[in-house]
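Please open the model in your viewer and keep the selection tool at hand. The stops below say what to select next and what can be found there.

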Amino acid sequence: MAFFPPLLLHYYITYHCNCRCPFCDIWHSKLYSNTTNTRVNDVKQNLIQAKKLGVKFVDFTGGEPLLHPKINILLKIAKELGFRTSLTTNCLLYPQKAETIKGLVDFLHFSLDSLNKIQHDDLRGKNVFNKVMHSIDTARTLGESPDLLYTVTDQNVDQIIPLSEFAKRLGLILIVNPVFSNGNRHTVSFKNLKFLEKYQFKPYVYINRAFHRLRKNGGNRKKNPRCRVVSSTLVISPDNYLLLPCFHFNNKKIVIKNSLLKIYNSQEFKEYKHKQGRFDFCANCVLNCYFDPSFVYKCDAYFFESLQAKVQYIYYKHIKKKFDVLFGRLDYRPALEIVKEIYKENDTSGLSL
Ligand code: SF4
Ligand code: SF4
């Protein structure tokens, strides 16, 4: 499927973050301190050219994307150009920005790694749990339907139990996202991946088995790479460079200066496409955000497992939820009340707030 145009644009609009997640490099790397936020005009020019290239989805990311003071304008530009937009937030700023971005994000994700306040705050390095709860209430009041993005490590794997119950009661999708290792202590063992798979068909739980398969197979192989990052995804930095082959291991930064189309059609870009997944640093890679679009670019077991997960997502989000609303099956009390009730009901299982 080498002829497919790129599907996704990962737009890094800021490298700043107000959280301190121990599994993330962005907040403590010197590379990202003293950097500026992306400029509105650059975004506009790049999105116009990305549209011509056939890109369908734009993910505004960072850092914490809500720290960009003009995030609402960036989203508006993307929507006006006909893109499907996504954004993941740690929720510290969501309640105060919710009104301004209402209706502009097609896939809104709230990071929630545990229903245990202490554990979630520990995993995010900040006092953020109550803000997530408040954000859920705010979003639901505004008619938004955020997904809950659960980054799984061996430390919080048992949280699938209360989190899946929470997601079901609220009618919000729980995206189960195994953490990727960058040499730190945060990993998910094969045993725990298997444990998670027991929840694959629980209502509102999204588990993409292709990610698990990739880990069980030892990640990307240099000799026969599964990575299609350059074919599937454009990556742009806040200072307006195209990053190749990917954000985490970019070894080439090309200044864009209103020439995304030209760069895309250049010989150099084609060479990177040929080398994607074949660099030394590509051995054993399991970076979810690049493999998710990569799975679309070859018809194999990864493709079908990923497709199955997406079909489940659409079913929960657009069909099951409608029926659950119609038959009064969802719980509209404040999120924190529901959390407390789940813990009370599961008192004997050792879960604690
Ligand atoms: S919220 Fe996101 S960008 Fe910020 S430190 Fe955590 S993982 Fe990194
Ligand atoms: S590091 Fe990973 S995502 Fe980046 S090009 Fe290599 S295999 Fe692909």
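Predicted model: local features only at pLDDT ≥ 70, side-chain atom pairs only at ≥ 80, totals over all residues.

Select Asp 42 first, which is partly exposed because 18 other C-beta atoms lie within 10 Å; a residue counts as buried with 20 or more other C-beta atoms within 10 Å of its own, as exposed with 12 or fewer, and as partly exposed in between, the C-beta atoms being placed from the backbone. Asp 42 belongs to helix α1, residues 40-53, where helices (H or I, at least four residues) and strands (E, at least two) are DSSP runs numbered from the N terminus.

Residues are numbered from 1 along each chain as its sequence is written, and chains are lettered from A and ligands numbered from 1 in the order in which they are written.

Next, select ligand 2 and the residues around it, meaning those whose C-beta atom, placed from the backbone, lies within 6 Å. There are 14 of them, and Cys 227, Pro 245, Cys 246, Cys 282 and Cys 285 come nearest. By class, this shell has eleven nonpolar, three polar and no charged residues; Ala, Val, Leu, Ile, Met, Phe, Trp, Tyr, Cys and Pro count as nonpolar, Asp, Glu, Lys and Arg as charged, and the others, Gly among them, as polar.

Stay with Cys 227, which sits in the loop between α8 (209-216) and α9 (229-232). Is Cys 227 buried or exposed? Cys 227 counts as buried, because it has 26 C-beta neighbours inside 10 Å. Beyond its neighbours within four places in sequence, its contacts (C-beta atoms, placed from the backbone, within 7 Å) include Cys 282, Cys 285 and Tyr 290.

Now move to helix α6, residues 160-170, which is mostly covered, with eight of its eleven residues buried. Among the buried ones are Ile 160, Leu 163 and Phe 166, and the elements that cover them include β5 (147-152) and α14 (335-345). Just after α6, select Gly 171, which takes a positive phi of about 75°.

Finally, select the residues around ligand 1, among them Cys 17, Cys 19, Cys 21 and Cys 24. The shell around ligand 1 has six nonpolar, three polar and two charged residues.

Key: Contact = placed C-beta atoms within 7 Å.
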